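Open your viewer and get ready to click along. We will take the stops one at a time.

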Amino acid sequence: MLQVSHLSKSFGDHQVLKDIDFETCHGNVICIIGASGSGKSTLLRCINLLETPTSGQIFFHGKDITSKGSNVNVYRSKVGMVFQSFNLFNNMTVLQNCMAGTTKVLKKDKKTAEEIAMKYLKKVGMGEYINAKPHQLSGGQQQRVAIARALAMEPEMLLFDEPTSALDPQMVGEVLQVMRDLAQEGMTMVIVTHEMAFARDVSSRVVFMADGVVAEENTPAKLFSNPQQESTREFLSRFR
Ligand code: ADP
Ligand code: MG
């Protein structure tokens, strides 16, 4: 479904991503782990074309989405993103947040958009809060709304950038549970996370990034129990 090939990204003369390769298939969950500053967010932002890669390619169903003439808007509507800081529209209600993309980008009529929004708000356990504004909700509730908003676009793949890092500890579990359910249902996901137990349970593969490169990539069982690189061992030891 997604293939990242020789991807590099520089900001000025600072090379943040160096020759990144990885791929994922339909229904797989890839967790990306690594220290702060290793380039995880930049990689996700390149995959979503929020950043333009300096070199390399990103193929989606075999088509190079970084090539001139590829339809960025169609691609973006198929790839949802959930951010650490939720990024909800603060002036809109929960329901309006979950209808904005479907009405404006997918051009659904209001009734259909509302039905879709309700379906996913119920799925994340936020069906009771449709008229609330984001500031009236806890962080965990806001993040669940952000996930419902992404799901309302009925994307083929979801990208998550540290979705639980901004949450109070007691709210982390409710968001991870929604993501576990999505994984169970076969949603294709690429997840940057520091939740190692979650990554171990849910991932098809784990990618460890260090200094802008993929230092190690493996099944969670192998990567967590028998890391091959010293840098991976050192990183994982911080979580014990
Ligand atoms: P991570 O998500 O793993 O913490 P990031 O991808 O956010 O890492 O950042 C990797 C490096 O790229 C950092 O050194 C950061 O300062 C730099 N960086 C990220 N975005 C920009 C930008 N827009 N302009 C300049 N430097 C950036
Ligand atoms: Mg980051």
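This tour goes to the ligand and the residues around it.

This is a predicted model, in which local features need pLDDT of at least 70, side-chain atom pairs count only at pLDDT 80 or more, and totals for chains, interfaces and linings use all residues. Residues are numbered from 1 along each chain as its sequence is written, chains are lettered from A and ligands numbered from 1 in the order in which they are written, and side-chain values use heavy atoms, with hydrogens and water left out.

Start by colouring by pLDDT (the predictor's confidence in each residue, from 0 to 100). The chain averages 96, and 100% of the residues score at least 70. For the complex, the predictor gives an ipTM of 0.98 and a pTM of 0.96.

Now select ligand 1 and show its shell, the residues with a heavy atom within 4 Å of it. Around the ligand you will find Phe-11, His-14, Val-16, Ala-35, Ser-36, Gly-37, Ser-38, Gly-39, Lys-40, Ser-41 and Thr-42.

Which element gives the most to this shell? Select α1 (40-47): this helix (a DSSP run of H or I, at least four residues) gives the most, with three residues. β2 (14-24) also supplies at least two; strands are DSSP runs of E, at least two residues.

Next, zoom in on polar contacts (pairs of N or O atoms within 3.5 Å). A backbone N or O atom of Gly-37 is 2.7 Å from a ligand 1 oxygen. Pick the side chain of Lys-40, where an N or O atom sits 2.8 Å from an oxygen of ligand 1. For Ser-41, a polar side-chain atom is also 2.8 Å from a ligand oxygen.

Notes
A polar contact is a pair of N or O atoms within 3.5 Å; within protein, one must be able to donate a hydrogen and the other to accept it, and residues adjacent in sequence count only if both atoms are side-chain atoms.
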